[in-house]
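I will start with the overall build and then go through the charged pairs.

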Amino acid sequence: MPVQEALDKITGLPLTKTTRTELVQYFHFGKAHYRTPQGLILDVGAVTLALNCPWQLVLPNGDSIKHNEVFMRKRESGLPSPKFDWKIPGANLRDQRLQELINAGGAMTPQRFELSENNGFTLYFEYGARLIVTPDATKEQELDWQIFSNTDDNYSFVAGSKREK
């Protein structure tokens with residue numbers, strides 16, 4: 001099954017980085033380097049999971065980081081900045097909490113997964129964290145989530161309500 005094959009690509013690889021472009025959240029697993037045409041060497045994951053649907057990362061202590069926290073301003077000491085633009089990387093609560101999680105340096109390696117309806121799934125990490133991905137069946141879109149390789153094998157799998165029926 002293609003969904004299982006895609007999720008197998010990230011199983012056993014440590015979560016090394018998270019990035020975001022507007023609403024799409026990227027979870028990078030493993031390590032790989034990419035050289036831009038300008039000669040810059042970027043540290044990217046060997047495999048990336050891109051999420052463009054509802055998700056939440058439930059931490060072992062019961063706290064969770066949710067997709068909709070992108071619209072909440074980050075926590076700051078003192079008075080918050082009067083100008084808030086959620087699109088700016090690092091300006092929102094979701095970016096802040098994911099960055100803190102990565103900076104904490106704990107092992108975040110998916111050990112297994114379970115599939116759910118509408119091409120959803122749950123990734124189970126060591127030490128009890130879970131990433132729960134729940135595409136909205138009422139919202140048709142080309143991409144709910146995608147797994148792609150940043151290495152030379154050019155692997156890519158896209159799950160979307162308009163694609164997967």
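I note one cut-off before anything else: a residue is buried when its relative accessible area is under 20%, exposed over 50%, and partly exposed in between. I also note that this is a predicted model.

**Overall build.** I looked up the secondary structure and found two helices and 12 strands. Read from the N terminus, the order is α-β-β-β-β-β-β-β-α-β-β-β-β-β. I checked the radius of gyration next: 16 Å, close to the 15 Å of the globule rule for 165 residues, so the chain is as compact as a globular protein of that length. Buried residues make up 43% of the 165. The exposed surface comes to about 9300 Å², with 51% of it supplied by carbon and sulfur atoms.

**Salt bridges.** I searched the whole structure and got three.

I took Arg20 and Asp95 to begin with; their side chains meet at 2.8 Å, N to O. Arg20 sits in strand 1 (residues 15–21) and Asp95 in helix 2 (residues 93–104), so this pair ties together parts 75 residues apart in sequence. Arg20 has 10% relative accessibility, so I log it as buried. Asp95, at 12%, also counts as buried.

Then I turned to Glu69 and Arg97, which form a salt bridge at 2.9 Å, N to O. Glu69 lies in the loop between strand 7 (64–66) and helix 2, while Arg97 is in helix 2, 28 residues apart. Both Glu69 and Arg97 are buried.

What about Arg112 and Glu114? Their closest N and O atoms are 3.2 Å apart. Glu114 is partly exposed at 39% relative accessibility. Arg112 is partly exposed at 43%.

Definitions and conventions:
Residues numbered from 1 in each chain as written. Predicted model: local features only at pLDDT ≥ 70, side-chain atom pairs only at ≥ 80, totals over all residues. Heavy atoms only, no water. Helix = DSSP H or I, 4+ residues; strand = E, 2+ residues; numbered from the N terminus. Rg over C-alpha atoms; globule rule 2.2 N^0.38 Å. Buried < 20%, exposed > 50% of the residue type's maximum accessible area, 1.4 Å probe, protein only. Areas by Shrake-Rupley, 256 points an atom, 1.4 Å probe, with all protein chains shown as cover. Salt bridge = Lys/Arg side-chain N within 4 Å of Asp/Glu carboxyl O.
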